[in-house]
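Please keep the sequence and the model in view while reading.

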Amino acid sequence: GWYNPAREPSVGDVGRDLLGGLLGLSLLALRDRRIFGGPQVAPLVVGTAAAVILLAPPSQAAAAYALRAANFPELVRFRFPLDLYFLEARGSSIRRLSLPERWSGGRSVPALAVKLECEKWPGVALVEPASDWRGFSVLTLDLVNPGDQPLELTLRILDRAHDWRFEDRYNGRLLLPPRSRELYRIPLEEIASAPDRRRMDLAQIADLLLFQTGGAEGGEFYLARIALE
């Protein structure tokens, strides 16, 4: 994964260290009865609890990667809480919901509600998406603007070779009319040719960000689907 040199120690780090210490002491106590003279139930319970808590995050991650692979070529879906694992709210809050009947045509359509809370570039990021987009020709986005004002969004896509210049990525403008549901179909050739000095590597897509760049501050939009075709 990506390394962030600015990351600072957290309470979670301390908690994981303590759990690791408890697990180690419990295993040692189970091995050597002189450490804990009484019944071995206590170290067994403590060690088991510590192991379960420590293994929960990697187990969740493994399940999220498996679900991502099963969903492909849909890049993200919203049927289960685990579908949100690779999504990151930025200047916004997100929640799963079923599209209101007005936008769903009477069908059950799982979607993501993105409430825009920050004044500057609020949105949602798909971090570490399925990276190999070769063999497909179009990226589709199914979006709803339930508000009374137009909403301008920017779709930003970058690959692992991105040098963090604005010109070295794809930046696409999506204009959502008020009270509308729109399906956007973006040719992958357009995305691949977006960087100014090279072609984007469609086998190494690293990040997708959808954020507000125009329209009234605040508001909300629904994201029903992001997929490759």
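## An aromatic cluster

Y65, Y85 and F86 are linked into a cluster by ring pairs, where rings of Phe, Tyr and Trp (its six-membered ring) pair if their centres lie within 6.5 Å, and planes under 30 degrees apart count as stacked, over 60 as edge-to-face and the rest as tilted. The model is predicted, with pLDDT of at least 70 needed for local features and 80 or more for side-chain atom pairs, while totals for chains, interfaces and linings use all residues. Residues are numbered from 1 along each chain as its sequence is written, and side-chain values use heavy atoms, leaving out hydrogens and water.

The structure holds three aromatic pairs. In one of them, the ring centres of Y65 and F86 are 5.1 Å apart and the planes stand at 70°, so this pair is edge-to-face. The pair links distant parts of the chain, with Y65 in helix α2 (residues 41-71) and F86, 21 residues apart from it, in the loop between β1 (74-76) and β2 (87-90); helices (H or I, at least four residues) and strands (E, at least two) are DSSP runs, numbered from the N terminus. The rings of Y85 and F86 also have centres 5.1 Å apart, and because their planes are at 80°, they too are edge-to-face.

Buried means under 20% relative accessible area, exposed over 50%, and partly exposed in between (1.4 Å probe, protein chains only). F86 is buried at 10%, whereas Y65 is partly exposed at 33% and Y85 is partly exposed at 35%.

## Charges over rings

R68 lies over the face of F86, 5.2 Å from the ring centre, and K120 lies over the face of W121, at 4.4 Å from the ring centre. A charge sits over a ring if NZ of Lys or CZ of Arg is within 6 Å of the ring centre and within 35 degrees of the ring normal.

A nonpolar core is a set of buried Ala, Val, Leu, Ile, Met, Phe, Trp, Tyr and Cys residues joined through side-chain atoms within 4.5 Å. The largest has 37 residues, and W133, L139, L143, L155, I157 and F221 have the most contacts inside it. A second, separate core of nine residues includes L99, V109, V144 and Y222.

Strand β7 (residues 151-159) is mostly covered, with eight of its nine residues buried. Seven bridges join β7 to the antiparallel strand β8 (residues 170-176), and T154 has R173 as its bridge partner in β8; two strands pair if DSSP finds at least two bridges between them.
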